[in-house]
Structure formats: C-alpha cells, structure tokens
Amino acid sequence: MTTVSNLLAFFGLVVTLLIVWRQSWPARRRLFVAQSLLLAALASAVGLFAHRRALLLVAAVVVVVKAWVIPRVLSRIGAGAPVRPIAPGRSSGMSVLVAGALVVVAYVIMLPVTAAAELPTEGAIPLAFAIALIGLFLCVTGRDALGHILGFLVFENGIFGLAILATYGLPGIVEAGVFLDVLVIVLIMEAVVVEVRREHDSIEVDRLRELRG
Amino acid sequence: MTLIVLLAVPLVGALVLWRASGSRATVLHGLTSAFTLAAALGVAVQVNRGGPLAAVDGLLRADALSAWMIALIGVVAALAATEAPAYLRPDAPGRFYPLFHLFVFTMLLAVSTDDVGLMWVAIEGTTLASVFLVNFERTRSSLEASYKYLLICSVGIAVAFLGTVLVYFAGIQQFGDEAHALRWTTVVRLAPGLAPRVIELAFVFLVVGYGTKAGLAPMHTWLPDAHSEAPAPVSALMSGVLLSVGVYAVLRFKPVVDLAAGPEFARRILLALGLVSIAVAAAFLWTSTNYKRTLAYSSVEHIGLVCLGLGFGGVWGTAGALLHIANHALAKSVLFVLSGRIRKAYGSTEISAVSGLMGPMPFTGGGFLAAMLALLGLPPFGLFVSEVMIFAAGFTQGFPFIAAVGLILFVIAFAGLLRTTHAILYGAPSSRHPVVEAGGWPRAIPLAGALALLLLTGLAWPPGLAATLDRVAAIVAR
C-alpha cells in the first residue's frame, strides 16, 4: 500500500509540474484530466487496501466529475481563447523552479502531520500537499481566468488527495458537499467568464481593473 | 423541531419564490422574511430558557453561541428584506428573492449545525448563493467584483477545508474511528488529547480560510469590491452577518486549539490579524473616495476589533467581542441600506458627488448621521460599550502594549471615518441634484428599530443579556 500510494502521489506531482511547465492550454487541460484520473486511482487503491468501500464510490465520482464533466466545461470556457497566452510572460523554467521549492516547503509544513501519523500512506501526504501548494501558486500567478480556474482545481485536487491519504475518506455528507462545490464553482465561473468575455472581449485578467482603492 | 422549521422556512421560501413573480413574489418574500425572523427569535428564546436544542440525530445543534448568531442573522435579514423590494429590476424577475433567501438559509445552516464538515459546506454555500447577488446590476465593475469574490473566497474556503481535514485526521489518529469525529461536540470533548502540533497547523489553515470569509486583512481584498458593488440589502447582509459567520467558524475552533495546545497559540494569531486588519482599514478609510467602499473598510476594522477582543480573551474580551459582532451588524446594515438610498438619489457612489447631502436629503442624512455616530462608537450606542469592553480586556488581561497600539490605530480609523462622514453630510454641496427623497415613515421604521436595539445595548441592557453573553462566552473561552 505504501508503495502504491507513494507512486500515485509522485505521478500526481509530476503531472502537476508538467502543468506548470506547459503553456498550451489544451495540453494543460489534458494534464488536469490525467491528474484527476491519478486521484481516482489513489482513492480506489486506498479503498481496496483499507477496505473502505465508500472510497470506490468516491473514485467513480472523481472520474465522472473531475475527469469528464469539469474538463468539458473547461473546454467550453477555453473555446475561442488563444492556445497560448498572447503576451510572452514569465519563462516557465522559473515557475518550475518555484514549484520545486514549494515541494520542499510542503515537506516542512507537513512535518507535524507526518510525525503524528501512523499510516502506511503517510509518506505520500507531503506530496499531496505539494500539489495543493503548486495549485495555489498557479492560481495566484495565473494571467487569465483559465489559469485561475485551473490553478484552483489543481489546488483542490491536492487537498482532496491529502484528505484521502490522511483520513481514508471523510463522512459522506462532506464528500458530497465537496464535489457539489467544485462543480458549482466551475459552472458559475463559466457563467462569469462568458460575461467577462462579452464585456471585455478577452479573458485576460489585466483588463479587470476598475475597482481600486 | 424549531431548528428544522428555522432552516425549512428560508429554503422552502427560496424554492417557491423561484417561480413566483410580480406582486405575488413580494408578498411571498415578506412572508418568508417574517417567518424566518420569528423562527430565529423562537430558537434564541428556547435555547436561552432551556439549553441547547438538537435535531436530526444531533446533526443540527444550537447552543447559546449558535442562538446568538441565529438571532442576529434573523434580525439583519429582516432589516435587509424590508429594503429588497426597492431593488427588484423588472427585466430580471424572480432571481433576486430566491437567491436572497438561499443566502440567508446557508448562513443559518452554518451556525446551527454541530458538524464542522457540514458547517464548511454551508459557508461555501454562502459564497455560491451570493455571487450572483453581487453581480445583480451586471455592470463591468460588479462583474469584476463577483469574479474576485468567487475566486478568492473559493480558494480561502478550500484552505479551511484542509484545516477541517487535519482536525478530523488528528481525531481519528488519537481515538480510532470515533463515531461522529467531525461533530464539534466530539472534537471539543477529545481536544485535550489531540496532537497539539497538528491542531496548531489546522488552526492556521482554518483562520486563513474562514478569515478570508470574515474579511480579515490581508485576506480581505475581495471585500471592498463585493460590498460596494452588491445591491444595498445584500451589502447589509454581507457586512452585517456574513463576515460574522466567518468569525463564528473561527470561534468554534478556538476552544479546540486552546484545549489541545494551550491558549497562547490562538491568541497570538488573533491579536496579530486583528491589529493588521485595523491598520489596513485605517489607511484605506483615509484614502477611499467611494462611500460604499468606506463602509466596507470600516467592516474590516470592526472585524479586526472583534479579533482583538477574542485574542485578549477573558470574560470581558470574549463577551465584548460577541456583543461587538451584534452591534456592528446592526449599525452597518442600517448604513448600507441608507447608502443604497443615497446612491439611488444621486446615481453615484463617489463621496464628492454626494457631498453636502444634509441639505437636499435631511431625512436620509439624519438617519445616516445617527447610524454613523453609532458606528464610530460614540455613546449612547452599543458599540461604545463593546469597544470599551474589548480594550478594557486588553489592559486588564496583561496586554497593555497591544491594546495601546490597537487603540491608536482605532483612533486613526475613527478620524478617517469622521472626515468622510463630514464630507458626505456637510461638505460643499455637490453639483448633482438628487432625485426627490422618497420619505415616508414606513421606510424608516426598520432602521429606527435597529438603532433602538443599539440604544438598548448601549444604555440599558435588557434583563437576561448579561447572562446570555456569559453563556456564549463560556462556550468560546475554556
């Protein structure tokens, strides 16, 4: 179990770093799908080893919501947007470097948790947290609405992975609430982005700067 | 049973209103608001007479702290509801009322559940229910405000989820598969045995996450935008009670971290965030040129004061903070309602555009002045009492330095707000001429009622208020 969970979390981190590195939007969306599938695999692996049937159901919902419905909404949001950001912004090398540093930070922050844990999955907990931190980094540095949403979703995936690794699944009502939440947030984001695009003819966030002071 | 009624009324109201329109919708809206208020006050009275209420196998639970918040949400929602019909647009029928009641429902659910996981879901629900209300006017700036609001609060609330997960993790690591390990009552019972470092880490995440919703600096950046762009009744709800619900969530976890890791940890965090919030607000209160944003920054200041009170602790600090939450909610919701009327009359939210308002709008201006004096913390209004309690707690609990810094920042903020108030009410008359003031006593009654309540908390505490505050403080300070 330790090997499987460590391996899956590690692949998840690699995919996250690829999301940081790649600039083309369709590629990043596909990487997000891959990450969600890894999350589902993690949930089912933990479910099988720890005999938690509920986690298999969670894995199925992850596949449907995060690997199918949300990417479809994302491609709707992204339709018409240029494949790459117009402005040649930061080099992605720098971003990957920051993301690498965040992995170290994640290990340091999660020290108390791994010290208190007596689980076969504890080794993967900092990796999941690193995914969350990198997602937050993507969200904060995102240059358009798509970057923000993708960062948020990666962040959410990391936290969800951490929840599975540390607790073997939360009570059903909370899990259901989390899924509903992410789905509704993405749908509302779509509605908002559609309006932003109509108003500003672009989804670059630099144009959103009416409110100051 | 009353708890279920309390939650069912706004939820059913929202569902029914989804399909209603025209005058029927207004009547239904009025009925829903009235019943919500009645149920909220009913729950509050019942809890204060007979102790905590529970329903649905303990999933819903209202103790004195919940009852305090429920009553507050009921009163502010009713106040905002009386103003809502003036904001309905003919071309967007039906959307405003249902979302309004859904928003109220999510806030009531957040404060009346015992399950911290469900509380998290409900608080996230408050964002989702209110994001379209912020963008109700569908202008460029309101769109930008709702985008920022949704993004920043979603990220914040996800951080709070991480904190909740860690609390759950600490519980099951220590005590195995404790049934209901996410119930607040269970968490508090187990708290002394939980791993202190994990709970400390969890509390940091929880404070950052729920502090985003509460509008604590430096996570407050969504707040002035959303509060200034939302229609006035929604601003009143957001500033009055939504921020307080964020504080409430932090309050639920404070005893947990106090019991698990000692009182110093939470205290330091709350005092630091409180001071930063007051400082940031003081700076922007001097520079803002938009009166709705000024009111929003004043909310940041007051939430900072509440945090200071909670950080100082003791009976006075905690009770003062809780009383301050209520006082601020009443004063600020009156001011937001009035600012909406001013905006309607002048068609602008710039201070320079409405200056010298007392001349053409004496009726609204008088109310604005009274509520502003209350908000500034002048006697005989309740904010004076709660602010004295908070700072007195600072000096008596052994934090004279922090209390003094807080007091200085508070005075700077006070002066900034006073300057703005003076410009709005008595400044050089602006070139714009307001639409004739829609006077009439009926529209003044709810506002006068809120100000009367502030006089009560300021001058003569009704019998039972002291005992209630003691009971609430006993839940938070252990």
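**A note on helices and a chain contact**

1. Let's start inside chain A. Of the 23 residues of helix 7 of chain A, 23 are buried (20 or more other C-beta atoms, placed from the backbone, within 10 Å of a residue's own), so this helix is largely enclosed by the rest of the structure. Helices here are DSSP runs of H or I with at least four residues, numbered from the N terminus.

2. A word on the model: it is predicted, so local features need pLDDT of at least 70 and side-chain atom pairs 80 or more, while totals for chains, interfaces and linings use all residues. Residues are numbered from 1 along each chain as written, with chains lettered from A and ligands numbered from 1 in the order written.

3. Now look at where the chains meet. The contact (C-beta atoms, placed from the backbone, within 7 Å) takes 37 residues from chain B and 34 residues from chain A. Helix 6 (140–175) of chain B gives the most to chain B's side, with 21 residues.

4. Finally, helix 4 (residues 96–111) of chain B packs with helix 5 of chain B at about 160°, their axes 8 Å apart (axes are lines fitted to C-alpha atoms over the stretch in contact; angles run from 0 to 180 degrees between N-to-C directions). That makes the pair roughly antiparallel (over 145 degrees).

Methods. Contact = placed C-beta atoms within 7 Å. Helix = DSSP H or I, 4+ residues; strand = E, 2+ residues; numbered from the N terminus. Buried ≥ 20, exposed ≤ 12 C-beta atoms within 10 Å, placed from the backbone. Parallel < 35°, antiparallel > 145°, perpendicular 65-115°, else oblique.
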